Amino acid sequence: MARRRPALLFAELLLLLLLAASPALSAGPAGTIVFTTLGRSRYAFDIFALPLNHLALSSSPFPSTSPEVRLTDGISVNYNGNFAPSSDALLFVSERNGSHNLYLSPIPKPPTSRREALELEDGSPSPPPTPLLPWSDPAALRDRPTLTRDGSRLVYVSTALPAAAPRRSWAAVYSARIPHSPAHAPRRLTPPGVADFSPAVSPSGDWTAAASPGADGWAGEVQDLRTDLYVFRTSDGSRRTLLVEDGGWPCWADEATLFFHRRDADGWYGVYRAKIDISDAPSAASVERITPPGFHAFTPAASPGAPGLVAVATRRPGSDYRHIEVIDLRSGTNNAAYFEVTRPVAPRAHHFNPFVSPDGAQVGYHRCRGSGNGGSPPLLLESIRSPAPDAFSLFRIDGSYPSFSPDGRRIAFVGLPGLYVVNSDGSGGRREIFSGNAFPTSWDWKRKGVVYTSIGPDFASESTEVDVVAVSLGDDEDEDSQVSIKKLTVGGKNNAFPSPSPDGKWLVFRSGRSGHKNLYIMDAEDGEAGGIRRLTDGPWSDTMCNWSPDGEWIAFASDRHNPGGGSFSIYMVHPNGTGLRRVVHSADAGRTNHPWFSPDSKSLVFTSDLAAVSAEPISNPHHYQPYGEIFTINIDGSDLRRLTHNSFEDGTPAWTPYFVEPRDVSETLQASGMCAFQDCHWLEIDAQPEDHGLRYAHGNNIGC
């Protein structure tokens, strides 16, 4: 027996290693929720800076060897930076530890050659940044940080407090003492019932300007928000005054000058300058456009340390990328000179939201760091701080329409195009099951390795040729095993959103075969050939259906309360067609979609615009809509809870009874597309720039 003991010990050790490598799964009362955020998993944002004094002294663009420096860690998602009043520290937003927070990090002296700013002169790593606010639970969005001139107060946007009504933004401007003290809670500067975006503090620190829709609130805009510019006292929010109608993203050049952007009737974003008087009642003495039509210019930044200069983000005709430029207005608007900042350095990257140091020496911005800058690989599953960590974990997945296998060990999702399956611990990488267009996924409860989805072109109208299919994965231990696809519907009349009954016998789906999108139930194994019946009937759209684990209910999204009006609510109905009732309503014109039952069938997770928008859409990469947060609610309509806080588009949640430990899971295939996201599609205008006689300072026409 003694001779067998080493072998037994080795076997026990091997078993422990195998257990450690498998997903940390355990059945719990609520399990795990996974959702998608369009493009967000590929952002990999870091904040960079380039010297601004080079522009002021030279008529040539940046050479390709300009010492662009990275100011953030190369690991987290870091964006919307701002320099501290002393210009020697960086304020920024960072998504790390599953939540947003605002950080302060020292900036080393500018290097004399290209190198990362996180390395000190002796080569040792820079100390970690300091979080400026305490962690909250749930963690609200914190954005657009600015310090007052004396450094004693932090001004920022937060979604900490819910709005009083559906489809009203939670975004508001707050002021907090620095360093933070539990005895002094942050002070809300935005009035109740109003939302504020994009705050900017004046050089004196006395005034704050912000973009706001005012008392009217958000009207459902998905591109440029209908905001005006307000100013108010930074100390307490008093003396709030409407300064300029129709404007966004204000910034101060000095106490009497504000720059802002506006999208005009011609479709182009332009940057404007307002001369203001704040000695008595704040007012705008004059407003003029400083950029001509023919290209987009937005998110301006200025500084008292760089008088006459304004940094802007631009999208020019013929370019697929957003870049930073500096406009020199010292010779007047009609003789303005344009300097390219980022295109000569990183021509094939989007650059966002410039900011200028108070001493006028540097211009900063954020962009995707790319694989060439090192850092961590993309995340397949990103752990998000759960508002109920003892009940369920929360993850963002790098894909759309995710669903868990019944045992919780695998996740199916789509890449638009492509259908993929991956282990929930990330091991083995993603496996492509189907290369074409596939849409919502769900797993059969009884037949192992069967995934339902729908395939075809992008579906829109009722007659679009999309069909429901059953995908059999074969031997899940063998990636090379044969995959089979069986079409379950016939006719291709926009058949989608399949969801099986828990006994594995039936499949509910939506179809446009009647000329309207309604719900049908068919045989899960043989499809329509095995039997089909209509569940709902009417001249409206019933869609995005999900069958409860206890078999009692089918939840779905519908506009039946206002057919064709664009508003969707969550409804429930018994599989026999009785008991129809509405569970969630997102106010007139609101959208509440993609319901999925909790494991105990007592709650629903869904996505909605109940919290409206949290930032100006132009400040982010492309999203089909700039709203969409994840919520849960009891099926009786009680206990509505917001799970996510960000300015992106969250959607398509799914819920498994298995609890996945809240830790990030990296992609094993790093070639899967870091930085694979797009700029706002609605910035693409088929027009040529008009000739206004303006040129780059180095001789190229501004439209090139």
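Predicted model: local features only at pLDDT ≥ 70, side-chain atom pairs only at ≥ 80, totals over all residues.
Because Asp196 sits in the loop between strand E11 (187-188) and strand E12 (197-201), while Arg240 sits in the loop between strand E14 (228-233) and strand E15 (241-244), the pair ties together parts that are 44 residues apart in sequence.

## Salt bridges between strands

Side chains of opposite charge can pair when their charged atoms come close.

The side chains of Lys487 and Asp467 form a salt bridge at 3.8 Å, N to O. This pair links distant parts of the chain, since Lys487 belongs to strand E35 (residues 484-487) and Asp467 to strand E34 (residues 467-472), 20 residues apart. Lys487 is exposed, with a relative accessible area of 51%, whereas Asp467, at 10% relative accessibility, counts as buried. The side chains of Glu629 and Arg642 likewise meet in a salt bridge, here at 3.4 Å from N to O. Glu629 lies in strand E46 (residues 629-634) and Arg642 in strand E47 (residues 641-642), so this pair ties together parts that are 13 residues apart in sequence. Glu629 is buried, at 1% relative accessibility, and Arg642 is also buried, with a relative accessible area of 5%.

Salt bridges can also be joined into a group. Which residues are linked in a network of salt bridges? They are Arg40, Glu95, Glu382 and Arg396.

Is strand E38 enclosed by the rest of the structure or open? In strand E38 (residues 518-523), 6 of the 6 residues are buried, so this strand is largely enclosed by the rest of the structure.

Strand E37 (residues 506-511) runs antiparallel to E38, and 6 bridges join the two; within this pairing, Leu507 stands opposite Met522 in E38. E37 and E38 form a hairpin with 6 residues between the strands, and in this hairpin Gly515 takes a positive phi near 100°. E38 also pairs with strand E39 (residues 527-534), again in the antiparallel sense, over 4 bridges, and the bridge partner of Asp523 in E39 is Gly527. E38 and E39 form a hairpin as well, with 3 residues between them.

## The nonpolar cores

The largest nonpolar core has 42 residues, and the members that touch the most other members are Val508, Ile554, Met572 and Leu604. For Val508, once its neighbours within four places in sequence are left aside, the contacts are Phe497, Pro498, Ser499, Leu519, Tyr520, Ile521, Leu535, Cys545, Trp547 and Ile554. Another core, of 25 residues, lies apart from the largest one, and its members include Phe392, Val422, Val605 and Val660.

How values were computed: Residues numbered from 1 in each chain as written. Heavy atoms only, no water. Salt bridge = Lys/Arg side-chain N within 4 Å of Asp/Glu carboxyl O. Buried < 20%, exposed > 50% of the residue type's maximum accessible area, 1.4 Å probe, protein only. Pairing = 2+ DSSP bridges. Core = buried A, V, L, I, M, F, W, Y, C linked by side-chain atoms within 4.5 Å. Contact = heavy atoms within 4.5 Å.
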